[in-house]
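Here is a friendly walk through the structure we talked about, one point at a time. Keep the 3D view open while you read.

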Amino acid sequence: MKMSSLELSEVLKEGELEKRSDNLLQFWRKKTCVLTSDSLNIYADGQKRSKAKELKLQSIKKVDCVERTGRFVYFTIVTTDNKEIDFRCFDEDTCWNAVITMALIDFQNRKAIQDFKSLQETTSPGHQERHLVKSL
C-alpha cells in the first residue's frame, strides 16, 4: 500500500483557514488545512474528502504582510515564482502564520545542511582520489 506524502510527514498543525479566491470577486473561502514538515495541504471541504492542493515548503519564499484587524489575522504566502496567496484566520486561533514561518525556517535549515553535506562529500579528499583513479 502506497502512503501519501501527508501520511509520511509529521503533522505540525491542522485546522481551518480562509483563503482568498483568485477570481475577480475575491471571496474568502473556508479551507481545511494540514501543515506538515514538508508542505501545506489545502482541502476544499472540512472532511478532507477532496484532493488536497499541496503547497510544498520548497516552493514558498516567505510569509509576508501579517496584519491583525478586528477578529482576523491576515497573511500572504509568497511563492518562489512570486505568486501571492492570501489567507486569514481567527485571532483566537494559534497563529497559522507563525507556525508556517517556523516550518519554513526548519525546512530551509534541513535543506542547507543536506546541501552542505552533499558538497562536502563531493569535495572530500577520498572522493577526489576515487575520481582520479576512475579517470586513469
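Predicted model: local features only at pLDDT ≥ 70, side-chain atom pairs only at ≥ 80, totals over all residues.

1. First, a word on names. Helices here are DSSP runs of H or I with at least four residues, strands are runs of E with at least two, and both are numbered from the N terminus.

2. Which residues of α2 are buried? They are W96, N97, I100, A103, L104 and F107. The cover over these buried residues includes the strands β1, β2, β3 (39-43), β5 (60-69), β6 (72-79) and β7 (84-90).

3. Now zoom in on N97. Is N97 buried or exposed? Its relative accessibility is 10%, so N97 counts as buried, since the cut-off for buried is under 20%. If you set aside neighbours within four places in sequence, N97 is in contact with V63, V66, V73 and F75.

4. T76 is another buried residue to look at. T76 lies in strand β6 and is buried, with a relative accessible area of 8%. Its side chain makes a polar contact of 2.8 Å with the side chain of D86. Not counting residues up to four places away in sequence, T76 touches K62, V63, D64, C65, E84, I85 and D86.

5. For contrast, turn to the surface. L24, L25 and F27 make a nonpolar surface patch of about 390 Å². L24 sits in the loop between β1 (11-20) and β2 (28-36). This leucine, L24, is exposed, with a relative accessible area of 82%; the cut-off for exposed is over 50%.

6. Q26 belongs to the loop between β1 and β2 as well. At 41% relative accessibility, Q26 counts as partly exposed. The phi of Q26, however, is near 50°, a positive value in a residue other than glycine. C65 deserves a look too: its phi is positive, near 55°, and C65 is not a glycine. C65 lies in strand β5.

7. Next come the charged pairs. Side chains of opposite charge can pair when their charged atoms come close. How many salt bridges does a search of the whole structure find? The search finds eight. One of the pairs is E16 with K30, whose closest N and O atoms are 4.0 Å apart. This pair links distant parts of the chain, with E16 in strand β1 and K30 in strand β2, 14 residues apart. E16 is partly exposed, with a relative accessible area of 41%, and K30 counts as partly exposed at 48%.

8. D64 and K62 also meet through their side chains in a salt bridge, at 3.6 Å from N to O. D64 is partly exposed, with a relative accessible area of 27%, and K62 counts as partly exposed at 37% relative accessibility. Elsewhere, salt bridges that share partners join D38, D106 and R110 into one network.

9. Last, please look closely at E54. Where is E54 placed? This glutamate is in strand β4, residues 53-56. E54 is partly exposed, with a relative accessible area of 36%. E54 forms a salt bridge with K56, the closest N and O atoms being 3.7 Å apart, and K56 counts as partly exposed at 32% relative accessibility. The side chain of E54 is also joined to that of S39 by a polar contact of 3.3 Å. Finally, E54 and Y43 are 11 residues apart in sequence, and their C-alpha atoms are 8.9 Å apart in space.

Note on methods:
Residues numbered from 1 in each chain as written. Heavy atoms only, no water. Patch = residues over 30% accessible without salt bridge, like charges linked within 9 Å, V, L, I, M, F, W, Y side chains within 5 Å. Areas by Shrake-Rupley, 256 points an atom, 1.4 Å probe, with all protein chains shown as cover. Buried < 20%, exposed > 50% of the residue type's maximum accessible area, 1.4 Å probe, protein only. Contact = heavy atoms within 4.5 Å. Polar contact = N/O pair within 3.5 Å; in protein donor to acceptor, adjacent residues only side chain to side chain.
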